[in-house]
Amino acid sequence: MNRIFAAFKPAEISSNHFLNQLKKKYNNKKAGYSGTLDPFAKGILIVAFGQYTKLFQFLKKTPKIYRATLWLGVKSLSLDNKNIQEIKTLKPFNFSTLERISKELLGLIDYLPPQFSAKKIEGKRAYEFAKKGEIVKLKSCTMEIFSCKILHYNHPFLNIEISVSEGSYIRSYCEIFAQKLGINATLSSLERIKEGKFVYNNEKEINVLEYLDLKPNFIWDLNKLENGTKLNLNDLKYQDSGNYYIENEKYFSIININENKVKYLLNKVEKC
């Protein structure tokens, strides 16, 4: 079964465990997901079955939109509602101060991923070291904050809706926000509500071609697509460099044009 859809992962289970539940539910062994959600977080997870598991790198997945609750005055090793070391009672902040910081943090910002993260160090995940109390050196990364709206402030809880680039860590954003206030803070909740065009819709099957971050191209002789024949520039309507998809009634293929050469990236993927 070739299928792709947005599922809703509940809080307090891992993305892998949730995927295993979906495999059993749909009786499908070949499955995968894009964009791991932390166990404490909930929200949409892009899931694919069959040949569609090869399409994740070609999907439109930006911006990612989250709703998060920052718990001000709390120190957590994992920057979530686990591993809490300290809870301080703080005086409420002026709402104008919180709004000012949210605006200061728009655009590109450098950050360090959390120690409790899936980043790889020496072939192991960073969280494997963190669980043993070992601190590892993680490389600085960059994320882009497209927008951040304060939804509600009921001290010490600050609820925000934030739109970010792929690969962003909202836990790290929380840490930077807290540093601007001169305090500790952690996330008490996190929900992903959108990835690009993907929103939760009861696991409804979608037309994957509408979600590819690719331009359509057209082939003069459709038999060449059916037969998987090697393509030349003259076979195609559009000949500029880049990635494209081409389709017939049964299949679609993804191709790359570079230095006047055409290469199949994925060939003859069956339509749903």
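**Reading a predicted model: a guided dialogue**

Guide: Leaving aside neighbours within four places in sequence, Ser165 is in contact with Thr62, Lys64, Met143, Glu144 and Phe146. The model under discussion is a predicted one.

Visitor: Where is Ser165 found?

Guide: Ser165 belongs to the loop that runs between strand E11 (157-164) and H4.

Visitor: Is Ser165 buried or exposed?

Guide: Burial is judged from relative accessible area, with under 20% taken as buried. Ser165 counts as buried because its relative accessibility is 13%. A polar atom of the Ser165 side chain lies 3.0 Å from the backbone nitrogen of Glu144, and Glu144 is also among the residues that Ser165 contacts.

Visitor: Which residues does Tyr173 touch?

Guide: Not counting residues up to four places away in sequence, Tyr173 touches Ser102, Leu105, Ile109, Met143, Ile145, Cys148, Ile160 and Ile162. Two of these partners, Ile160 and Ile162, are named with Tyr173 among the residues with the most contacts inside the largest core.

Visitor: Are Phe5 and Phe49 buried or exposed?

Guide: Phe5 counts as buried because its relative accessibility is 0%. Phe49 is likewise counted as buried, at 0% relative accessibility.

Visitor: What is the geometry of the pair formed by Tyr173 and Phe177?

Guide: Tyr173 and Phe177 form a tilted pair, with 6.1 Å between the centres and 50 degrees between the planes. Tyr173 and Phe177 are four residues apart in helix H4, so about one helical turn separates them. Tyr173 counts as buried at 1% relative accessibility, and Phe177 counts as buried at 2%.

Visitor: Which residues form one aromatic cluster?

Guide: Phe5, Tyr26 and Phe49 form one aromatic cluster.

Visitor: How does one decide whether cysteines are bonded, and how many disulfides does the count come to?

Guide: The test is the distance between sulfur atoms, which must be within 2.5 Å. By this rule the count comes to zero disulfides. Cys141 is in no disulfide, and the nearest cysteine sulfur, that of Cys174, is 17 Å away. The sulfur of Cys174 is too far from its closest counterpart for a bond, because that sulfur, in Cys148, is 11 Å away. Cys174 is buried, with a relative accessible area of 0%, and Cys141 counts as buried at 19%.

Visitor: What can be said of the loop residues Gln51 and Asn83?

Guide: Gln51 lies in the loop between E3 and strand E4 (64-72). With a relative accessible area of 23%, Gln51 is partly exposed. Beyond residues up to four places away in sequence, Gln51 touches Asn2, Lys268, Val269 and Glu270. A polar atom of the Gln51 side chain is 3.2 Å from the backbone nitrogen of Glu270. Phe40 is 11 residues from Gln51 along the chain, and their C-alpha atoms are separated by 30 Å.

Asn83 is found in the loop between strand E5 (74-76) and strand E6 (84-87). Asn83 is partly exposed, with a relative accessible area of 36%. The side chains of Asn83 and Ser78 are joined by a polar contact of 2.8 Å. Lys9 is 74 residues from Asn83 in sequence, and the two are 22 Å apart in space, C-alpha to C-alpha.

Terms used: Residues are numbered from 1 along each chain as its sequence is written. This is a predicted model: local features need pLDDT of at least 70, side-chain atom pairs count only at pLDDT 80 or more; totals for chains, interfaces and linings use all residues. Side-chain values use heavy atoms; hydrogens and water are left out. A nonpolar core is a set of buried Ala, Val, Leu, Ile, Met, Phe, Trp, Tyr and Cys residues joined through side-chain atoms within 4.5 Å. Buried means under 20% relative accessible area, exposed over 50%, partly exposed in between (1.4 Å probe, protein chains only). Contact means heavy atoms within 4.5 Å. Rings of Phe, Tyr and Trp (its six-membered ring) pair if their centres lie within 6.5 Å; planes under 30 degrees apart count as stacked, over 60 as edge-to-face and the rest as tilted. Helices (H or I, at least four residues) and strands (E, at least two) are DSSP runs, numbered from the N terminus. A polar contact is a pair of N or O atoms within 3.5 Å; within protein, one must be able to donate a hydrogen and the other to accept it, and residues adjacent in sequence count only if both atoms are side-chain atoms.
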